[in-house]
Amino acid sequence: MEREISTDPNQRVWRLSWIAYVGPLFRYGILIAALIVMLEAADLSPWWIVAMVAGRLAFRLAELGVTRVVLNDAGVWVREGIMPWSKGMFGVKWRDIDQAKCSRSFISWAT
């Protein structure tokens, strides 16, 4: 986590550090490089596949960019999500530290 970004004295909010971005950049970078090598070796040019993977990488980085960790009197929470069905806050109350569960999907959002 990086520096605290909250001005509310009853709630502390942090954003993710740059280290959270290293994993996706590394994984998707290797995948994009392998796709480019395979496509050139097979004399194919469906660059839309590489563009789709790069788009997914951009979406994942944007998701990490909006993720926040919130600490308040009730407990510890993670606020994340870009799409309306994936937005939300989940976490654990101090009294229920061992019982936290979360389920987010398009179906649960739509219904």
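Start by selecting N72 and A74: the N72 side chain comes to 3.0 Å from the backbone nitrogen of A74. Keep in mind throughout that this is a predicted model.

**Stop 1: around N72**

With N72 still selected, colour by secondary structure; N72 belongs to strand β2, which covers residues 68-72. The side chains of N72 and W77 make a polar contact at 3.2 Å. What else is N72 in contact with, leaving aside its neighbours within four places in sequence? Show N10, Q11 and W94 alongside W77, and the set is complete.

**Stop 2: the whole chain**

Zoom out and switch to a cartoon view. How many helices and strands are in the protein chain? There are 3 helices and 4 strands. Trace the chain from the N terminus, and the elements come in the order β-α-α-β-β-β-α.

Next, show the surface. The accessible surface of the protein chain is about 7900 Å², and carbon and sulfur atoms account for 63% of it. The chain has 111 residues, of which 22% are buried. For contacts between residues at least 6 apart in sequence, 31% link residues at least 24 apart.

Then colour by confidence. The average pLDDT of the protein chain is 82, and 86% of the residues score at least 70. Which element has the lowest confidence, and which the highest? Helix α3 is lowest with a mean of 75, while helix α2, residues 47-66, is highest at 90.

**Stop 3: the salt bridge in helix α2**

Select R60 and E63. A search of the whole structure finds 1 salt bridge. R60 and E63 form a salt bridge, with their closest N and O atoms 3.3 Å apart. Both residues sit in helix α2, 3 residues apart, which is about one turn of the helix.

Is E63 buried or exposed? E63 is buried, because its relative accessible area is 17% and the limit for buried is under 20%. R60 has a relative accessibility of 28%, so R60 counts as partly exposed.

**Stop 4**

Move to P84, in the loop that runs between β3 (75-80) and β4 (88-93). The relative accessible area of P84 is 42%, so P84 is partly exposed.

Now select W109 and draw a distance from its C-alpha to that of P84. The two residues are 25 apart in sequence, and their C-alpha atoms are 7.5 Å apart in space. F106 lies in helix α3, residues 106-110. F106 is partly exposed, because its relative accessibility is 44%.

**Stop 4**

Conventions
Residues are numbered from 1 along each chain as its sequence is written. This is a predicted model: local features need pLDDT of at least 70, side-chain atom pairs count only at pLDDT 80 or more; totals for chains, interfaces and linings use all residues. Side-chain values use heavy atoms; hydrogens and water are left out. Helices (H or I, at least four residues) and strands (E, at least two) are DSSP runs, numbered from the N terminus. Buried means under 20% relative accessible area, exposed over 50%, partly exposed in between (1.4 Å probe, protein chains only). Contact means heavy atoms within 4.5 Å. Accessible areas come from the Shrake-Rupley method with a 1.4 Å probe; for residues, only the protein chains shown count as cover. A polar contact is a pair of N or O atoms within 3.5 Å; within protein, one must be able to donate a hydrogen and the other to accept it, and residues adjacent in sequence count only if both atoms are side-chain atoms. pLDDT is the predictor's confidence in each residue, from 0 to 100. A salt bridge is a side-chain nitrogen of Lys or Arg within 4 Å of a carboxyl oxygen of Asp or Glu.
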